[in-house]
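Work through the exercises below with the coordinates loaded. Each task is followed by a stepwise solution.

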Amino acid sequence: MRKTGERSPALLAVLMAAVLGVAGCDTVGGDESAPSGSSARRASPTPTPAWDVSPGSVAAVGDSITRGFDACEVLSDCPEASWATGSSPDVNSLAVRLLGGARAATHSWNHAMTGARMADLPGQMARAANRRPELVTVMVGANDACRASASQMTTVTDFRAGFKDALHTLRKALPQTQVYVASVPNLKRLWSEGRSNPLGKQVWKLGICPSMLGDADALDAAANERRETVQQRVEDYNSVLAEVCAQDERCRFDGGAVYEYRFGTAQLSQWDWFHPSRNGQARLAEIAYRNVTAEYG
């Protein structure tokens with residue numbers, strides 16, 4: 001790939017035109033196998049009993065991060081670079097670490113969808129349950145906060161109801177399947193890092209997470225208050241994930257590890273300076289593997 005500074009005006013024009021339809025990253029993905037201040041800030045993941053540190057199959061649900069969006073090329077899903085089920089050696093996904101490359105190719109499935117919000121999770125969980133996986137990974141919530149305005153963010157009440165519904169959907173079909181829940185990333189941190197890149201800010205103006213990234217250079221009281229409102233909602237979502245997961249004995253929350261991870265520019269996509277790059281996806285895989293294989297509880 002070209003370095004950012006080498007992109008031509010024509011390429012930038014194509015990029016900007018393509019992103020016009022992407023408001024808050026609300027594009028559509030699909031299902032396919034792997035080859036193709038709050039309770040969120042705990043020091044360690046939620047302890048759980050009878051946890052198998054070497055599950056034999058993995059299904060992933062969630063949003064664009066789990067689809068590897070913008071990790072390989074502009075405005076495209078790249079499931080092979082997914083932290084959860086990807087086949088790319090650059091990422092060394094959770095599934096590959098747990099199962100090995102050959103088994104991961106036949107025993108892991110990516111049901112995440114770019115643009116998905118918590119309201120979409122029960123449907124994804126139902127599709128994942130059809131595969132009868134031994135472990136389901138969950139990463140969702142960024143799009144619930146990334147709306148056209150802060151006032152349009154998913155309420156905490158609806159977020160909680162959606163997550164409970166998703167777990168209930170799984171439990172009806174698979175009472176023994178384990179669930180690993182990743183915290184929602186620190187969106188304000190992503191804004192802080194990405195705003196140093198001029199191209200990234202031009203892309204943001206066309207619809208990437210406007211509630212946080214809109215008017216990226218504005219530092220007035222209104223802009224700061226808006227970002228703090230979004231950030232507080234993300235922390236509230238993470239508290240919900242931690243609390244609901246703790247009520248399920250076969251669910252592990254990451255203890256806020258993804259939220260606390262300090263993504264730098266090397267971990268951000270060179271296309272939008274917001275989604276994880278392959279490097280960022282690899283860091284997410286490391287966090288997940290560490291938590292899934294931890295011997296505790």
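**Exercise 1: the largest pocket**

Task: classify the lining of the largest pocket by residue type, then give its volume.

Solution. Step 1: the lining holds six nonpolar, five polar and two charged residues (nonpolar: Ala, Val, Leu, Ile, Met, Phe, Trp, Tyr, Cys and Pro; charged: Asp, Glu, Lys and Arg; polar: the others, Gly among them). The model is predicted, so local features need pLDDT of at least 70 and side-chain atom pairs pLDDT 80 or more, while totals for chains, interfaces and linings use all residues. Residues are numbered from 1 along each chain as its sequence is written, and side-chain values use heavy atoms, without hydrogens and water.

Step 2: the volume is about 170 Å³. Closest to the pocket centre, of 13 lining residues, are A266, L268, Q270, S277 and R278. On a 1 Å grid over the protein atoms alone, a pocket is an open set with protein on both sides within 12 Å along at least five of seven lines; a cavity is a set of points where a 1.4 Å probe fits but cannot get out; lining residues have an atom within 4 Å of a point. Grid points are joined across faces, edges and corners, and the volume is the space filled by probe spheres set on them.

**Exercise 2: the largest cavity**

Task: find the volume of the largest cavity and describe its lining.

Solution. Step 1: the volume is about 140 Å³. Step 2: 17 residues line the cavity, with I65, P185, L190, F274 and P276 the closest to its centre. Step 3: by type, the lining has 13 nonpolar, three polar and one charged residue.
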